[in-house]
Amino acid sequence: MSNDNNPYDNIKQIFHEPNRMAIMSALCAAGGDGMTFTELKAECSLTDGNLSRHLNTLQNMDAIKI
């Protein structure tokens with residue numbers, strides 16, 4: 001049975017995609033300066049569409065701010 005209040009379940013839901021982990025790793029490594037879309041796309045080797053989709057998901061889950 002899933003518990004919506006369990007923070008580990010929430011983390012798994014957000015980060016089950018390896019590309020999302022790559023995005024978060026790149027953003028953390030950039031520090032407070034952040035990264036441009038183009039920089040992040042190159043760092044993570046993603047297409048425009050894939051990066052955009054993952055960024056939207058991360059933003060909707062309050063993991064990042066765009």
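**View 1. Helix α2 in the predicted model, end to end.** In this predicted model, α2 is made of 13 residues. Its first and last C-alpha atoms are 18 Å apart, close to the 18 Å expected at 1.5 Å a residue. Just after α2 comes G31, whose phi is positive, at about 75°.

View 2. Four residues are listed as buried in α2: R20, I23, M24 and A26. Seen down the helix axis, these buried residues fall within an arc of 160°, so they line one face of α2. The face turned away from this buried side carries the exposed residues P18, C28 and A29. The cover over the buried residues of α2 includes α1 (7-15), α3 and α4.

**View 3. The largest nonpolar core.** This core has 11 residues in all. Two or more residues of the core come from each of α2 (18-30), α3 (37-44) and α4 (48-60).

**View 4. The surroundings of M24.** With its neighbours within four places in sequence left aside, M24 is in contact with F15, L58, A63 and I64.

**View 5. H54 and its partners.** H54 lies in helix α4. Its relative accessibility is 1%, and H54 therefore counts as buried. When neighbours within four places in sequence are set aside, the residues in contact with H54 are E17, N19, R20 and I23.

View 6. Most residues other than glycine have a negative phi. S45 has a positive phi of about 55° although it is not a glycine. S45 is found in the loop between α3 and α4. With a relative accessible area of 66%, S45 is exposed. D62, also not a glycine, has a positive phi of about 60°. D62 sits in the segment after α4. Its relative accessible area is 71%, so D62 is exposed.

Conventions. Residues are numbered from 1 along each chain as its sequence is written. This is a predicted model: local features need pLDDT of at least 70, side-chain atom pairs count only at pLDDT 80 or more; totals for chains, interfaces and linings use all residues. Side-chain values use heavy atoms; hydrogens and water are left out. A nonpolar core is a set of buried Ala, Val, Leu, Ile, Met, Phe, Trp, Tyr and Cys residues joined through side-chain atoms within 4.5 Å. Buried means under 20% relative accessible area, exposed over 50%, partly exposed in between (1.4 Å probe, protein chains only). Contact means heavy atoms within 4.5 Å. The expected span of a helix is 1.5 Å times one less than its number of residues. The arc is that of the directions from the helix axis to the C-beta atoms.
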